[in-house]
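Dear colleague,

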Amino acid sequence: LPEGSQASLLVVRLAEGKFHAASVGDVCIFVVRGGKFKWAFPLKKSAAFGNHPSLIPTDPARLPRKPPVVRFAAGIEAGDRLFFCTDALAQWFLSRHEKKARPWDEMPVEEEAFRTWVQARRDDRTLKNDDVTLVELTIPAG
C-alpha cells in the first residue's frame with residue numbers, strides 16, 4: 001500500500017471516420033470489421049505481453065522517467081466493432097486469434113455470463129488470473 005499502485009492508460013478519440021489512440025502500458029484495442037480481425041494496438045502478438053510493462057504510478061515520485069507513449073491512427077467504418085481490453089483479456093484475445101479462432105464471438109456480452117465465462121477461462125488456465133476489463137463499441141452508421 002505505501003508503494004501505491006500502477007496503471008496502464010489508453011486515450012481514444014473517434015472523429016470523422018478516424019480513430020486516434022495513445023497508450024501507456026499493455027491495455028489493447030482490437031478492431032473487427034465484417035466479422036474479420038482488422039488490427040490490434042499497441043500489442044499485436046500474444047507473446048508480446050510481459051510482467052513489467054511501462055505503467056503510470058499513482059505516486060509521481062516513483063516514476064524514474066516518463067513512460068513511453070505509443071500513438072496510432074486508422075480509419076474506421078460503420079459497423080466496426082472495437083474491443084478495449086486490459087492485459088490479461090487482451091493476451092487471451094490475441095492468443096485465440098493466432099489459433100484462427102474468433103475470440104470476439106466467444107465472449108458473452110451479458111455481465112453475469114461474462115463474469116462466469118472469465119472464471120471458467122481462469123480455471124482452465126487460458127486466461128491469467130488478473131483484473132479483466134472489456135468495453136465493446138460498435139461504430140454506428142451515419
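A search of the whole structure finds nine salt bridges, a salt bridge being a side-chain nitrogen of Lys or Arg within 4 Å of a carboxyl oxygen of Asp or Glu. This is a predicted model, in which local features need pLDDT of at least 70 and side-chain atom pairs count only at pLDDT 80 or more, while totals for chains, interfaces and linings use all residues. Residues are numbered from 1 along each chain as its sequence is written, and side-chain values use heavy atoms, with hydrogens and water left out.

Among the salt bridges, R81 pairs with E136 at 2.7 Å, N to O, and this pair links distant parts of the chain, with R81 in strand β8 (residues 81-85) and E136 in strand β9 (residues 134-138), 55 residues apart; strands (E, at least two residues) and helices (H or I, at least four) are DSSP runs, numbered from the N terminus. D105 forms a salt bridge with R102, their closest N and O atoms also lying 2.7 Å apart, and R81, R102, D105 and E136 are linked in a network of salt bridges. In helix α3 (residues 111-123), R115 and E112 lie three residues apart, about one turn of the helix, and their side chains meet in a salt bridge at 2.6 Å, N to O.

As for the cysteines, the structure holds zero disulfides, a disulfide being a pair of cysteine sulfur atoms within 2.5 Å. C28 is in none, and the nearest cysteine sulfur, that of C85, is 7.5 Å away. C28 is buried at 0% relative accessible area (buried means under 20%, exposed over 50%, partly exposed in between, with a 1.4 Å probe and protein chains only), and C85 likewise counts as buried at 0%.

Best regards
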